[in-house]
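Please open the model in a viewer and keep the selection panel at hand.

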Amino acid sequence: VALAAVTLISLGLGYGLRELLPASAVPWLAGVLFLGFGGKLLIDAQGMAADEADEEEKEAQEAVDEAESGRRFNTAWAVIWEAFALVFIAELGDRTQFTTIFLATAPAFTFTGLLAGTLAGHALVTGLAVGAGKWIGTRISEKLLYRLSGGLFIAFGLFSLGQAFG
């Protein structure tokens, strides 16, 4: 529900920008944004320590242990609310939100198509993270994932700039 709420906010912002920005500016802005995201991910990957993912896993396990001990949550609704709030806040202003906003500015995409595609993408990634996150984490380094993500964003940026020139 949190991802759906952020997606709806993103689509609303994107459709609002569609009305405010000249159509010729959108591919340029998207290209620069995607190249920036890609570059940042590649820089982050370069500076990433080998045990950084282990430290994050340790912090997450401590939070789970605290929750399971009953010290933090006393009802199922408290767990649901905490999960909603954390996901909602974490998704505000992140790469997926900006990507959704810029996709919504492009006249080629419909609201229904973007909503369905974004929610399906979130569901797939969340399902992979929950279902296979530990397995993936033991086989693929976080550094490699950052590099792959950075490469994809750079490809998206170059494609957007190609659209700007085309």
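Begin by selecting Asp44, which is partly exposed, with a relative accessible area of 28%; partly exposed lies between buried (under 20% relative accessible area) and exposed (over 50%), with a 1.4 Å probe and protein chains only. This is a predicted model, in which local features need pLDDT of at least 70 and side-chain atom pairs count only at pLDDT 80 or more, while totals for chains, interfaces and linings use all residues. Residues are numbered from 1 along each chain as its sequence is written, and side-chain values use heavy atoms, without hydrogens or water.

Lys40 and Asp44 form a salt bridge, with the closest N and O atoms 2.8 Å apart; the term denotes a side-chain nitrogen of Lys or Arg within 4 Å of a carboxyl oxygen of Asp or Glu. The count by this rule is one. Both residues belong to helix 2 (residues 25-46), four residues apart, about one turn of the helix. Helices are DSSP runs of H or I with at least four residues, numbered from the N terminus.

Now select the whole of helix 2. Its buried residues are Val26, Pro27, Ala30, Gly31, Phe34, Phe37, Gly38, Leu41 and Ala45. Colour helix 5 (95-105) and helix 7 (142-165), against which the buried residues of helix 2 pack, contact meaning heavy atoms within 4.5 Å.

Finally, turn to the face away from the buried side, where helix 2 carries the exposed residues Val32, Ile43 and Gln46.

Conventions:
Helix = DSSP H or I, 4+ residues; strand = E, 2+ residues; numbered from the N terminus.
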